[in-house]
Every structure is written in structure tokens, then in C-alpha cells.
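Please look over the structure below before reading the notes.

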Amino acid sequence: MYYSRVRLGLLLTFAVLIAMGSVGPKLQAAEGPLDVNMLVAEPVVREKAAEPVSPGARQFLADRGGQKVKVWVYFTDKGVFGKEAFVNKASAASISDKVMKRRAKTGTDQVLFIDLPVVEDYVESVARLGGEVRRVSKWLNAASFEVDASQLDVIGALQFVAKIVPLSGFKKDYPDVVPVRVDEAYDMALSPDALDYGIAAGQLGQINVQEAHQAGLDGSGVTLAILDTGYRKSHEAFANHYADGRVLAEYDFIFDDEETANEPGDGDWSSQWNHGTLIWSVSGGNLPGEIMGPAYNANFLLAKTEDVRSETPVEEDNWVAAMEWADSLGADVITSSLGYSDWYSYSDFDGETATTTIAANTATSLGIVVCNSMGNGGPSAGTLTAPADAFEILAVGAVNSSGSLASFSSRGPSYDGRTKPEVCARGVSTQAATSTSDASYGSANGTSLSTPLVAGAACLVVQAHPGWPPQLVREALMESADNAASPNNDYGWGVINTANATNYGASISADTTFGEIPLTVNFDGSSPLPISSWYWEFGDGDVSGDEDPTHVYTVTGVYDVSLTATSLEYGNITSTRPSYIIAIADTVTFSADSAFAGESMMVSVDMVNSQPIEQMIIPFTFGADVDMKLDSITFGARTAYFEELAFLAWDAFNRRYAVQLTADNGGGASPMPEGSGEVLRIWFTIDETELGGVTTTLDTYSDSHILEVMTAGKSYPPAVESGAIG
């Protein structure tokens with residue numbers, strides 16, 4: 001079988017990926033002849049089975065009844081038998097630069113045997129025997145047919161037919177959608193320009209997506225392929241994708257056209273697009289205030305593969321065809337919420353037997369991160385289905401809002417003893433766009449809902465580390481999840497932490513991230529991987545090769561910090577913390593002033609700032625030594641163009657107040673530039689009975705509100721100089 005099993009980096013001739021560790025790969029399929037690795041740049045010839053239709057396959061097809069059966073016909077070769085013939089055939093293959101660049105991450109950036117076309121004469125020969133062609137697969141060197149059962153032995157006798165196996169099906173288990181919108185609050189301190197996640201806040205907060213978004217990750221430049229039932233493309237949650245031209249392609253593998261929305265004229269049921277609409281919105285919805293997915297700015301490939309019109313199992317060949325289609329168009333991540341069992345038994349879920357599992361392994365070997373649902377067959381052990389058993393994909397289980405495993409979530413292990421699932425995310429009352437209308441929302445249950453959350457998170461990891469192979473993306477999500485210390489066959493490695501996964505491999509921390517210049521920062525670099533060298537860039541032009549360097553910032557500024565750790569296994573791994581260090585020389589000064597009894601006075605609050613200021617909070621208090629009252633506050637000379645001035649606190653009895661000044665409150669005003677001068681005016685009236693010569697202090701205070709300013713989405717407290725009034 002051809003597959004990518006664990007850890008990249010061990011390449012044999014022609015980029016054959018093999019397994020690490022003491023346990024070697026199994027090559028003997030449960031049914032049929034010995035299979036071979038086809039991820040090679042040379043001819044491959046399958047052994048022809050002595051009995052092309054195995055007894056188990058024959059019995060299954062007989063049990064189905066009926067004259068017609070649906071089968072895969074695997075071919076022995078692709079009509080090339082020598083190196084020269086292979087090179088000649090390979091020269092005609094067309095693979096885009098985008099695909100080759102992605103393949104380079106796994107060492108498969110050349111024309112391989114799987115890229116050669118299936119021999120047309122072989123397919124036509126089966127068709128002449130009455131086989132109706134359904135799909136042709138280059139990856140499998142096979143084609144699927146609907147054929148008269150009486151012709152199976154005749155077809156199997158053809159010299160170029162290696163084996164015939166039943167076309168496995170997926171038993172539909174689509175979730176019920178609750179068409180009641182459930183708004184959820186997620187308690188997280190966000191900058192003023194943070195996204196409004198709407199109903200998705202809870203499910204994204206559980207997997208720490210917001211922190212990754214604040215670091216500038218949104219899926220931009222990453223292509224996510226979705227394999228599902230169809231999509232209500234006109235839904236408002238997807239309008240921004242079309243406006244930006246980020247839906248790159250779509251294909252309906254049911255009716256063989258380029259329309260993935262409902263097509264009543266072709267026979268689609270009204271429910272056809274229900275499930276796919278949910279999945280797309282959970283992974284990449286983009287409507288602030290309503291719903292957001294982790295990868296809301298990704299590019300999308302939409303594949304319509306699953307026909308909901310029949311109660312009988314839906315065959316797997318559309319899924320395999322969609323995988324090959326997505327690969328050819330440069331997909332970086334694939335999300336699929338399907339599972340196939342049908343004629344397979346648990347012993348077939350060994351990572352290398354089921355057809356869809358082989359296809360998933362192939363996709364991973366070609367540089368694609370594959371995310372697939374575990375299934376909804378729990379709570380018993382060993383209830384996973386194909387392709388969740390594949391070696392290096394992310395099989396996803398489901399938890400509820402509190403992190404408890406859903407009873408329906410399928411459990412591992414795989415038949416060969418590997419821990420499954422890999423990770424979990426929210427799959428109970430997951431909020432989504434629904435297909436009821438162009439502006440409808442609801443909630444649904446199932447591992448099919450948790451999977452697109454993980455796929456969206458995987459897009460952010462790929463964006464953060466575009467050179468990482470799928471194996472490292474998978475490892476980052478697993479090892480940063482909340483059960484990584486003790487993975488099991490219920491939760492796997494646990495609920496993912498998206499932000500931590502994006503920083504996996506080269507972790508940056510520091511003992512302080514802001515302060516006045518000269519600012520001394522003690523940095524700490526760490527990695528769970530064996531590291532041969534470290535390289536820090538502090539953002540001010542200085543660098544260091546130490547693992548835990550100390551750096552002094554002498555110039556004010558907001559600095560990005562990056563760390564490149566050279567791994568013995570994966571090469572250079574770089575993490576960047578945008579706007580991580582803020583070095584300031586900022587001071588807020590409460591001026592001194594005086595007035596006669598019975599008169600009013602204005603006290604200026606001045607600021608020296610070394611960074612552009614988006615917002616400032618100024619708490620102030622004045623002593624009781626002078627009998628006076630606060631009249632009003634107004635903008636200062638430097639903030640006269642600000643859009644909002646508001647009291648945050650008002651405590652006249654204790655003479656404590658807090659005001660907030662915001663540059664842009666929706667009108668687009670720019671931050672206050674670096675400089676010095678007046679930012680606030682405070683107006684007082686001295687009581688007419690007050691004696692002369694008495695003063696009191698005007699200062700900030702520390703309570704529920706602290707004096708702070710915000711720049712580049714980060715807040716920090718400037719120094720304070722108090723004033724005297726009287």
C-alpha cells in the first residue's frame with residue numbers, strides 16, 4: 001500500500017515514505033493481493049490476485065441482492081514497464097507550481113506513478129463487458145463501475161485486472177439542526193478592534209482561536225477543501241468569500257457539473273445542502289457579529305460528494321474523486337465529515353486497507369492536512385470508521401461546551417492498536433449557519449461539527465508555518481491539546497489549543513513585555529523537539545544565537561520578536577510574536593493650578609507618548625483638603641479630534657472618577673501620533689467659602705480602573721506625575 005505513516009524526513013529512493021520505529025508497516029491487505037507503494041517515480045506493477053473477487057467480497061455482493069453491483073476494479077499497471085517509458089509518460093503530466101510547492105514539504109515534488117493516467121483501454125474493456133463507468137482514480141489505479149454481478153468473473157479474468165472489491169458506502173448520519181439561535185458570551189479580554197464572533201464565540205474560545213486571530217492569523221493564503229453534501233452559497237455568512245474571490249472552485253460529483261448549491265432540476269432534495277452549509281460556516285464563516293470560523297479568510301474549494309436522496313449507503317468513489325480534485329487544485333487542508341464501514345469489519349480499520357483510508361494516506365503523503373470525523377458510533381471501543389483509521393490524519397472526536405466527551409463520539413483504537421481520535425473540539429450544540437434561509441442560524445451535534453473547527457485551526461497553523469509538512473501540523477495540534485500528557489482512545493490528545501499549536505516547535509516567552517527605556521528583557525526559548533541551534537530577532541535590528549538571551553531596548557517602539565529553532569528532524573521552525581515588546585518613554589502629568597474661592601479653574605492633563613495612542617483610560621482623584629467640586633471634562637488640544645470621551649466611573653463621595661478617550665469609535669479617526677501636550681481638561685469650581693492658600697493633590701488611583709493607554713492593540717501604564725490644585 002502507499003501511505004505516509006509517521007514522521008516525515010525518512011525518504012528512500014523515489015521519495016518512498018516509510019514508517020519509523022520498531023514496528024514495520026503491514027503490506028498485506030485484508031482482501032486481495034499484495035499491494036505496492038505507488039508514491040514512486042518509476043513504473044509499478046500490481047500482482048494479479050489468484051482469485052480477483054475474494055470470497056468475502058463475493059458474499060457481501062451476493063447479500064446485497066439485485067442483478068447490478070457496484071465495485072472497484074483495480075488494474076495491474078498503467079501501461080509503462082520501464083524507466084524510459086515512465087519518463088516519457090511523466091513528461092506529459094501537468095502539475096501546477098502551487099501543488100509542487102506543497103508537495104515539496106513531503107519530498108514528493110516530482111511526477112510520481114500516481115500522477116500517470118489510468119490506461120483508457122483498460123477502463124473501456126470493462127465497459128464493453130457491461131460495466132457502467134462511475135469514477136476513474138489515478139491514485140488507486142482503479143475505476144469504479146456498476147456492473148451485472150454475472151460479469152464479475154469475466155472481468156476478473158482480464159489480464160490487466162488485479163482485483164475487484166465492493167464499493168463501500170457511507171450510512172448517512174446527518175445531525176438534526178436546532179433552528180433556534182443561542183447567543184453565547186465568552187469571557188475574554190479583547191482589544192477594541194477584536195472580531196465580534198457572534199454565536200461562534202464559545203466554540204472558538206474553547207479551542208483558543210481568538211488569541212491566534214489577535215496574532216494576525218486568519219487563514220489568508222491557505223486553501224481549505226470541503227467535501228460534503230452541498231452548500232447554500234447565497235448565505236450571508238459566505239458573502240465576504242465571494243466578494244473577495246476566495247471561493248476558488250467548486251464541483252458537484254453527484255451530477256458532474258460545477259454547481260454545488262441545490263439543483264432541483266437535476267433532482268436534488270431540498271435538504272441536500274443542509275449539512276455542507278453547516279460545515280462551511282463552522283470552519284470558515286465570515287460575518288462579524290453573527291458567525292466566524294477559525295479560517296474566515298481562507299480560500300475554499302467546495303466539493304459536493306454525498307447524495308442525500310437515498311436511505312441506502314452512499315458510495316465512496318465520489319469522495320476519492322473529490323480528494324484527487326482537491327489535490328490537483330492545491331488544497332492545503334481537507335475537511336471531511338464522512339465515515340465508511342459497510343462491507344468492512346473492524347479488522348479492516350488498520351490504516352491501510354479501506355479504500356478511503358488509502359486515499360487519505362495518499363493525500364497526507366502529498367502534503368495535505370486531512371481532517372476527518374471519528375463518527376457518531378460511540379460510546380463503545382473500536383467504533384471508528386474509515387478513513388478515521390488513516391495513519392497521519394487528524395481524526396476528530398466531539399466534546400460539549402464544558403469539555404466533556406459526547407456519548408455518541410466514536411472511540412478508538414484502530415485495529416492495529418493506534419490511539420484514536422487524535423483530537424477533539426466542540427461537537428455538541430455547535431453553532432452554525434443553516435440552509436433554511438440566507439440569514440438563518442442554529443446549532444447541531446456530531447463529530448461532523450467538531451471536525452471543521454479542527455480543520456479551520458489547522459489552516460491557521462499552516463498559515464503560521466507554510467513550510468511545515470502535514471505530520472508536523474498534526475503533531476502541533478495534538479501535543480498542544482489539553483490531554484497530551486495522557487492520550488487515550490476517548491479524547492485522544494484532547495481539546496486543541498489553536499494559539500499554542502501555531503507557536504509549537506519554537507516557543508517564545510519573556511519576563512516582561514513592556515516598560516520604560518532602557519528596557520531589559522530576559523527571553524526564554526523552548527521546544528519539545530531536539531534543537532541544534534537558536535536564532536532570535538528582537539525587532540530593533542539586534543539578534544542572538546542563545547537559547548535564553550537577555551536584550552536591552554534603548555529606543556522606544558513596538559517590536560515584533562521572532563525565534564527560529566533548527567530542528568534535527570524538520571529543519572528551521574520559526575515563531576513570531578507581533579508587537580510583543582513595547583518600549584516606552586511615556587508620562588502623564590496632572591498640571592498644577594489655582595483659583596480664588598467661588599471661581600472655576602481648568603487643570604490640564606498632559607501626555608508625552610512615544611507610540612501612537614488608540615485609546616487611553618485616565619482615572620483621577622483629588623484630595624479633600626480643598627472644598628471644591630468637579631464640573632466637567634473635555635478633550636484636550638491633542639485629542640480634540642477623538643470620537644469618544646466617556647466616564648467609566650463616577651464616585652463623587654470619594655472624589656474618584658475614570659474617563660476613557662477613544663480615537664476611533666467607528667468613524668475611522670487615526671491614533672494620536674507620538675508627541676507631547678494636552679490630552680484632557682478637567683474643570684473644577686472652588687467653594688465660595690474656601691480659605692486661600694490651601695492646596696490638595698490631583699493624581700491617579702489604583703482600583704478597578706488603572707491609568708493605561710493602548711497602542712497596536714496592547715495596553716500599558718505610563719509613568720505619572722501628580723499635580724496640585726487649590
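Helix α10 (residues 317-328) lies across β7 (223-228), β8, β11 (299-304), β13 (333-336) and β14 (369-373), at about 155° to β11. This is a predicted model, in which local features need pLDDT of at least 70, side-chain atom pairs count only at pLDDT 80 or more, and totals for chains, interfaces and linings use all residues. Residues are numbered from 1 along each chain as its sequence is written, and side-chain values use heavy atoms, with hydrogens and water left out.

**Helices on the sheet**
- Helix α13 (residues 470-479) lies across β14, β15 and β16, and runs at about 25° to β15.
- Helices (H or I, at least four residues) and strands (E, at least two) are DSSP runs, numbered from the N terminus.
- Axes are lines fitted to C-alpha atoms, for helices over the stretch in contact (heavy atoms within 4.5 Å), and angles run from 0 to 180 degrees between N-to-C directions.

**The sheet**
- The order β8-β11-β7-β13-β14-β15-β16 describes an open sheet of 7 strands with parallel pairing; two strands pair if DSSP finds at least two bridges between them.
- β8 (247-252) and β16 (423-426) are at the edges with a single partner strand each, so one side of each has no neighbour in the sheet.
- From one strand to the next, the twist averages 25°.
- Strand β15 (residues 394-399) runs parallel to β16 and is joined to β16 by 4 bridges.
- G397 has C424 in β16 as its bridge partner.

**F75**
- F75 is in strand β1 (residues 68-75).
- F75 has a relative accessible area of 0% and is buried (under 20%; exposed is over 50%, partly exposed in between, with a 1.4 Å probe and protein chains only).
- Leaving out residues up to four places away in sequence, F75 touches residues including R46, V118, Y122 and F160.
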